[in-house]
Amino acid sequence: MERRWTLYDPRLAWMLVAPVLLLLIFFLVLPIAVMAAYTFFTFVTAGVETSALTTANWHEFFTDSYYSGFLLKTLRVGAITALLCGVLGYFPAYFIWATTFKHKWLLLLLLIVPFWISFTIRTFSWINILGEQGVINVALPKLGIINEPLPMLYNEGAVILGMLHFLLPYMILNVYVSLEGIDRTLISAARSMGCTSAQAFREVTLPLSLPGLAAGLLLCFVLAAGSYVTPQLLGSGRDALFGNLIYDTIMGELNWPMGATLSIVLFVVLGFFAAIYTRYMGMSQIVKGLAG
Amino acid sequence: MPDSQNLTEAPRPETAGVAKAGAARPAPVGAEANSPAVEFRNIDIAYGKFVAVRDFSLSIRKGSFVTLLGPSGCGKTTILRSIAGLVDISGGQIMIGGQRVDDVPIYRRNIGLVFQSYALFPHKTVFDNVAFGLKYRNVPKPEIKRRVGKALEMVRLPGSEKKLPSQLSGGQQQRIALARAIVFEPQVLLLDEPLSALDANMREEMRVEIKKIQKETGITAIFVTHDQEEALSMSDRIVVMNAGSAEQIGTPEEVYERPATAFVADFLGKANMLAGTVSVSGQGTATMVLATGQTINVACPRPLAQASNVTVVVRPQKLSVGAAASANRLSGRVVSASYLGGSAIYEVDIGGRTNIRANASISGRVLREGEVIDLGFDPEGCVLLDESGRRIS
C-alpha cells in the first residue's frame, strides 16, 4: 500500500535552505566561475583585456619558475606557522582543559578577547613593538644591553610572528574542543592500571586529542598560506606571500587574467589540502573547533 | 596532578609478572597474612562542605563479593572511588591487604576497575586494551600474549584481539573491560555499576558471568549498584547505604529477611509497613492493634511496653491470599491486580487509606479490581521496627 503522507514536507526543507543556497551561488560559486573564465582571457595592456580565449596565462604560470617559487615559499611559510601554532597552542589548550579553576569560561573568553580588536590594528601593533622606534629597540639600548637597534621588523620572522598572533586562538580552541571530548574515566582507567600521569597523557590524552590538533594544523596552514595583510604590513617585499602576488598582479599591474589565474591556483592548492584532510579526518572536527 | 613529582618513577616494579593476587607485595611487619582484603576504618569523605560519607567502617574478607547498595547520592560510588584513590578521604583509614593506602597513588594500588561507561580506550585494539595493565607491570611480551588470550577466553570472547571497541556490542565491551581489569590479577576488583548501561537481557547474563568469573579467580570484588536484584543475586554480603553511612551490613538473606531499619525494608523489595500499637506483650509474642483497626499476633524477640508504637514489616511474598490466609487475617478490596503468570501482585486496600501489596501464587482465579480479598501472614513472617525505625531484637 502506498503511503499518502510524509512525516515532513521535503519542499519545506528546500524552502528553508534556499536563502543560503542562493547566497552561496551568487556570491561564491558564480564569482569563482567568473574568475575561472577570466584565466582564459587575453591580457592586452594594463587594465585592458579581451575575451579572446587563450591558455597563455596558464602557460606562463607553469613555465615561469617565479610563480612556482612563490607558491612553494608560501606553502613553506604556512607550514612553519601551522607547526609553531601546534607546538605553542597545545599547552594552553591542555592547561584550560586540565585546570581545576572554577571559571573555565573566563579562560576561554580571554582567548576570544583579541577578536574584539580589528585584525589590522592588531597586526599594526607589532610595528610599535618590533620597529626601530618600537618598545624593544627603545628600551634595550637604554638598559645598555644593545647598541644598535635590532632588525626585527620587515622580515620573515616578523611575518610568522604576526600570523601566530592571529592564528593561535584557532589552534587552542580546536585542541581544547577535542580534549573536552575525551571521556575522563579513560584517564582514571589508565591510571588505575599503573600509568603515571605522564604515561596516561601519552597513552590516552595525546592520541585522542590528535584529531583536534590535526584540524588546527590544517586551519592554521590554510589561513596562513592564504594571508595577505600580515605579510603586507610586517614583511618586506621579499617576504610577500602568494596573496600579495595576486594583489600586485591585479591592483599594480592591472593584469586581471593573470591575477585570476593565480587566484584559482591558490584556491585549488589550498582546497586540495582541505580535501585530503576531509577525506581522512572528517570536516566535522573543524566545524567543532570553530563552534568551540 | 598531585603526584607530578613522580612522573618518571616506574610503577610498581616489584609486582612485575606476579602470578597471585594478594601476593603482590611481601607482607609488611604487622600485616597478617589473613588480614582483610579491604578495610575501612571510620572514613569520612567530604567535598567542601558537603559530607558524602560519614564514619564508614567495613572489613572485606579476601575472595568475597561485597555489594554497596543504595539510592543515588548515598555515597556508594564515592566509597568505591576512595579505594582506587580517585577521591581523597578526609578522615579515617583505608587498608588494602593490611596496608594503609592513604598516601599510595592510584597507579600503585594494584586495583582493577570496571566502569559503568566501559571506559575502553577507543583508539586501541581489544588486545592493547586488555594488555594495558600488564604492559605497565613490565610483563614480558610472550607472557602478556598468553595472559590476554586466557582473559579473553574467560570472558568468552576469544579471538577478538584485533577488533576495536567500537566494533563490539555494549555487553561485549563490558566483558573486555572486565578482562582488562582482572588480567593483571589485582588485589581488589572494583565494579562501579557495570551493568547499568546494558539492556535487561544482557544485564542478567552479565550478572551470572561476573559472579562466575569472580568465583573462578577468587578475586575480592566490590560491586556498586542501586539495583536490589543485582545485589541480592550476586553478593556474599550487602552493605545497604543511605545518606553517606551504612544502614545494614549482612548477607542477602539477612538484609532481606531481617531489615535493620525502615529504610532497608523499604529499599529492598518494597515491604509493607503497618503502623500499630502493642496491646499485650508476652514471652516471644505480642498482640497489637494496627492503625487500620485489625488485631494481629506477631513473633517478638523481647517483651514490649504496652501501648508502644511499632511498625510491622511484611514482605509482599509473605502474605497469603484467600483460603491460605489463616493467621493474622486482614480483609480488604483489590485496588489493582497484576497477573505475572505463576503469581499475581495485588494492591489491597485494607481500610484507613492503607494499601498493602501481596505477591501470591495463584490458586483458582486471579481476583479482579474491587473484589473482596483475604490476606494473612505467619506471626513469624514479619519484622518489628521501633519508633525510631530500628528493628526490635
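Visitor: Is the crossing of α3(A) and α7(A) left-handed or right-handed?
Guide: The crossing of α3(A) and α7(A) is right-handed. A crossing gets that label if the near helix is turned clockwise from the far one by less than a right angle, and left-handed if anticlockwise. Helices here are DSSP runs of H or I with at least four residues, strands are runs of E with at least two, and both are numbered from the N terminus.

Visitor: Before we go on, what sort of model is this, and how is it numbered?
Guide: This is a predicted model, where local features need pLDDT of at least 70 and side-chain atom pairs count only at pLDDT 80 or more, while totals for chains, interfaces and linings use all residues. Residues are numbered from 1 along each chain as its sequence is written, and chains are lettered from A, with ligands numbered from 1, in the order in which they are written.

Visitor: OK, back to the pair. At what angle do α3(A) and α7(A) pack?
Guide: About 45 degrees, with the axes 6 Å apart; α3 covers residues 65-98 of chain A and α7 covers residues 156-180 of chain A. The axes are lines fitted to C-alpha atoms, for helices over the stretch in contact, and angles run from 0 to 180 degrees between N-to-C directions.

Visitor: So what do you call that arrangement of α3(A) and α7(A)?
Guide: The two are oblique to each other. Under 35 degrees would be roughly parallel, over 145 roughly antiparallel, 65 to 115 roughly perpendicular, and the rest is oblique. By class, the α3(A)–α7(A) contact has 22 nonpolar, 3 polar and 2 charged residues. In that scheme Ala, Val, Leu, Ile, Met, Phe, Trp, Tyr, Cys and Pro are nonpolar, Asp, Glu, Lys and Arg are charged, and the others, Gly among them, are polar.

Visitor: How do α3(A) and α9(A) cross?
Guide: At roughly 140 degrees, with the axes coming within 8 Å; α9 is residues 197-225 of chain A. That makes α3(A) oblique to α9(A). Their crossing is right-handed.

Visitor: Which residues meet there, α3(A) against α9(A)?
Guide: On the α3(A) side they include A:Gly78, A:Ala82, A:Gly86 and A:Tyr90, and on the α9(A) side A:Leu213, A:Gly216, A:Phe221 and A:Ala225 are among them. Contact means that the C-beta atoms, placed from the backbone, lie within 7 Å. The classes come to 12 nonpolar, 6 polar and no charged residues.

Visitor: Zooming out, what's the overall build of chain A?
Guide: Chain A has 13 helices and 2 strands. Its C-alpha trace spans about 90 × 75 × 35 Å along the principal axes.

Visitor: What does chain B look like by the numbers?
Guide: Chain B has 8 helices and 20 strands. Its C-alpha atoms fill a box of roughly 75 × 45 × 35 Å along the principal axes. Of its 393 residues, 42% count as buried.

Visitor: Which non-glycine residues have a positive phi in chain B?
Guide: B:Glu185 is one of them, at about 50 degrees, and B:Ala307 is another, at about 70 degrees. Most residues other than glycine have a negative phi.

Visitor: Where do B:Glu185 and B:Ala307 sit?
Guide: B:Glu185 is in the loop between α4 (170-182) and β7 (188-192) of chain B. With 24 C-beta neighbours inside 10 Å, B:Glu185 counts as buried. B:Ala307 is in the loop between β13 (295-299) and β14 (309-314) of chain B, and is exposed, with 10 other C-beta atoms within 10 Å.

Visitor: Is B:Lys162 buried or exposed?
Guide: B:Lys162 is exposed, because it has 10 other C-beta atoms within 10 Å. It lies in the loop between α3 (141-154) and α4 of chain B. Not counting residues up to four places away in sequence, B:Lys162 touches B:Thr125 and B:Phe127.

Visitor: Last one: what does B:Gly352 touch?
Guide: B:Ala291, B:Thr292 and B:Gly293, leaving aside neighbours within four places in sequence. B:Gly352 is in the loop between β17 (343-349) and β18 (355-361) of chain B, and counts as exposed, with 12 C-beta neighbours inside 10 Å.

Terms used. A residue is buried if 20 or more other C-beta atoms lie within 10 Å of its own, exposed if 12 or fewer, and partly exposed in between; C-beta atoms are placed from the backbone. Two residues are in contact if their C-beta atoms, placed from the backbone, lie within 7 Å.
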